[in-house]
Amino acid sequence: DIEEIHELIDEHLKEDAFRPAVMAKIEKPSCFYGDNLEKIVELCDGIMVARGDLGVECAPEDVPLLQKQIIDTCRKQGKPVVVATQMLESMIESPTPTRAEASDVATAIYDGA
């Protein structure tokens, strides 16, 4: 729970110490029920779109639209958003990305991530 994390930080943070940022990893379909996504983004300092986990938890064809929804929500609230997981997976073995991977990265950038 994000509020509990903030409370723990406040309890244990020494005076004048740097306050760590709290980022939420969006990976479950429950994040999209009602206004859950808006509340999560509001409470956090940033968001990570976990594309791989979303692709397991949701229909793979829904992931690009969910990614766009998360990015749009973050941009509206002025929060940083990181798109991660399987963006350049082929580059573990190859020096260049596939066309699909390059397109995925470009789409995330064009969307504002």
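In what order do the elements of the protein run from the N terminus on? They go α-β-α-β-α-α-β-α. That makes five helices and three strands. Keep in mind that this is a predicted model.

Some overall numbers. The protein has 113 residues, and 30% of them count as buried. Its C-alpha atoms fill a box of roughly 50 × 35 × 25 Å along the principal axes. Take the contacts with a separation of 6 or more: 56% of them join residues 24 or more positions apart.

Charges next. There are 11 positive and 23 negative ones. Their mean positions lie 5 Å apart.

Now the core. The largest nonpolar core holds 24 residues. Ile 26, Phe 32, Ile 40, Ile 47, Leu 54 and Ile 70 have the most contacts inside it. Helices α1, α2 and α4 and strands β1, β2 and β3 each supply at least two of its residues. Helix α4 gives the largest share, five residues. Look at Ile 47 as an example. Leaving out residues up to four places away in sequence, Ile 47 touches, among others, Met 23, Ile 26, Ile 40, Ile 70 and Val 82.

Last stop, Arg 51. Is this residue buried or exposed? Arg 51 counts as buried, because its relative accessibility is 14%, under the 20% cut-off. It sits in helix α3, residues 51-57. What does its side chain contact? Another goes to the side chain of Asp 104, at 2.9 Å. Beyond four places in sequence, Arg 51 also touches residues including Val 63, Val 83 and Met 87.

Notes. Residues numbered from 1 in each chain as written. Predicted model: local features only at pLDDT ≥ 70, side-chain atom pairs only at ≥ 80, totals over all residues. Heavy atoms only, no water. Helix = DSSP H or I, 4+ residues; strand = E, 2+ residues; numbered from the N terminus. Buried < 20%, exposed > 50% of the residue type's maximum accessible area, 1.4 Å probe, protein only. Polar contact = N/O pair within 3.5 Å; in protein donor to acceptor, adjacent residues only side chain to side chain. Contact = heavy atoms within 4.5 Å. Core = buried A, V, L, I, M, F, W, Y, C linked by side-chain atoms within 4.5 Å. Lys, Arg positive; Asp, Glu negative; His and termini not counted. Charge placed at Lys NZ, Arg CZ, Asp CG, Glu CD.
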